[in-house]
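Please look at the sequence and the model below.

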Amino acid sequence: VFLCGCLLAAFIATGVLTREIENRTALTVVSKPVSRPMFVFGKFLGVAGAMLLCTTAMSLVFLLVEQHTVLETVRDPVHVPVIVFGGLAVVIATAVATWCNYFYGMNFTSTIICTATPLLLVAYVLSLLFAPDFTPYPRSRLGASFEPDLIKAIGVMGMAIMVLVAVAIAASARLGQIMTLIVTLGAFLVGLLSDWLFGRRIVALQDLWLQRARARGLTEPQEIVREFVLVTGEVQRSPTPEIRDVPTVPLAELAEGGERLAMAGWKLLHAVVPNFQVLWLSDALTQQRLIPMSYVWTSLTYGLRYVVAALALAVFLFQRREVG
């Protein structure tokens, strides 16, 4: 879902401003009492709305597949409600889109997505009410198979896609469609590798300074016990406490040569480039670790700041662009 959403964001948002300028419709709009910042913001809202709808549709398909689970053996029961309700949602959406396209000339793709999304939501909710053999769950077990952490992860992932949409809008304010696509996909790849490209170099310098502090006797041992809360409510702790040397002085005081400048540069790059690892919670899901709401709000705020910064850059770049 994340990969498809990012690709859709890149392809949809890349031509938004560029196509409007090439067709001279942007000139018609900004010549009216519509400011350029409002024009850029409106374009972002349009693309963001389309991406939100597409991401929701893909996420609902994912939730239905997750509800069905993988059949590891031939004895595992097929989840009949998922197949029936999900299949009906797809068939009805396809029939409606075909009818509207043939008789009313409506766009098939847009119609099927707009129709399938609410139907898939209904199909997912109904599938939560039945066991795999279509036996209704008792009232005490209603919603027992619902996994709230999946919804949290999908919401945070949606913010990552909104960041890419904003980046694409900013790039298209000055660049053509091909270059905007390259910049957007580049931001996606660099954002996924942010910890490896920049974070590991920051850690390497910190480890080097820590070694110097240890050699000079400027550290003291400290026990650290790692804890993780699982979705079952159990608390997972490391079997033995980790002994870590903690410096008694700021590590930056142990820098030599141009190391302090290098650290500032790597930290600047690590801060400027959006880190999509922060917004991609697949590891927590696969390891059955609880995703606290505090982390969700922090991640959403992190992504929102990048959206605001990218839109501000888009407005700045579009203010003096010739649209006539």
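This is a predicted model: local features need pLDDT of at least 70, side-chain atom pairs count only at pLDDT 80 or more; totals for chains, interfaces and linings use all residues.

Reader: At what angle do helix α3 and helix α11 cross, and which word describes it?

Author: Helices (H or I, at least four residues) and strands (E, at least two) are DSSP runs numbered from the N terminus. Axes are lines fitted to C-alpha atoms, for helices over the stretch in contact, and angles between N-to-C directions run from 0 to 180 degrees. The axes of α3 (residues 36-68) and α11 (residues 293-319) come within 9 Å and cross at roughly 135 degrees. Angles under 35 degrees count as roughly parallel, over 145 as roughly antiparallel, 65 to 115 as roughly perpendicular and the rest as oblique, which makes α3 and α11 oblique.

Reader: Which residues of α3 meet α11, and how many residues of the contact are charged?

Author: Contact means heavy atoms within 4.5 Å. From α3 come Arg36, Pro37, Phe39, Val40, Phe41 and Phe44, and from α11 come Val307, Leu311, Ala314, Val315, Phe318 and Gln319. Ala, Val, Leu, Ile, Met, Phe, Trp, Tyr, Cys and Pro count as nonpolar, Asp, Glu, Lys and Arg as charged, and the others, Gly among them, as polar. By class, the contact of α3 with α11 has 10 nonpolar residues, 1 polar and 1 charged.

Reader: How are α4 and α5 oriented to each other?

Author: The axes of α4 and α5 are 8 Å apart, and the packing angle is about 160 degrees. The two helices α4 and α5 are therefore roughly antiparallel.

Reader: Which residues make the contact between α7 and α8?

Author: Helix α7 (residues 177-192) packs with α8 at about 50 degrees, with axes 4 Å apart. The pair α7 and α8 is therefore oblique. The contact joins Val190, Gly191 and Leu192 of α7 to Ser194, Leu197 and Phe198 of α8.

Reader: How is the ring pair of Phe2 and Trp280 classed?

Author: Rings of Phe, Tyr and Trp (its six-membered ring) pair if their centres lie within 6.5 Å; planes under 30 degrees apart count as stacked, over 60 as edge-to-face and the rest as tilted. By this rule there are 12 aromatic pairs. The centres of the Phe2 and Trp280 rings are 5.7 Å apart and their planes lie at 50 degrees, so the pair is tilted.

Reader: Is Trp280 buried, exposed or partly exposed?

Author: Buried means under 20% relative accessible area, exposed over 50%, and partly exposed in between (1.4 Å probe, protein chains only). Phe2 has 7% relative accessibility, so Phe2 is buried. Trp280 has 37%, so Trp280 is partly exposed.

Reader: Which residues form an aromatic cluster with Phe2?

Author: One aromatic cluster contains Phe2 together with Phe188, Phe276 and Trp280.

Reader: Which residues does Trp209 touch?

Author: Trp209 lies in helix α8 (residues 194-215). Its relative accessible area is 4%, so Trp209 is buried. Not counting residues up to four places away in sequence, Trp209 touches Leu251, Ala252, Leu254, Ala255, Glu259, Arg260 and Met263.

Terms used
Residues are numbered from 1 along each chain as its sequence is written. Side-chain values use heavy atoms; hydrogens and water are left out.
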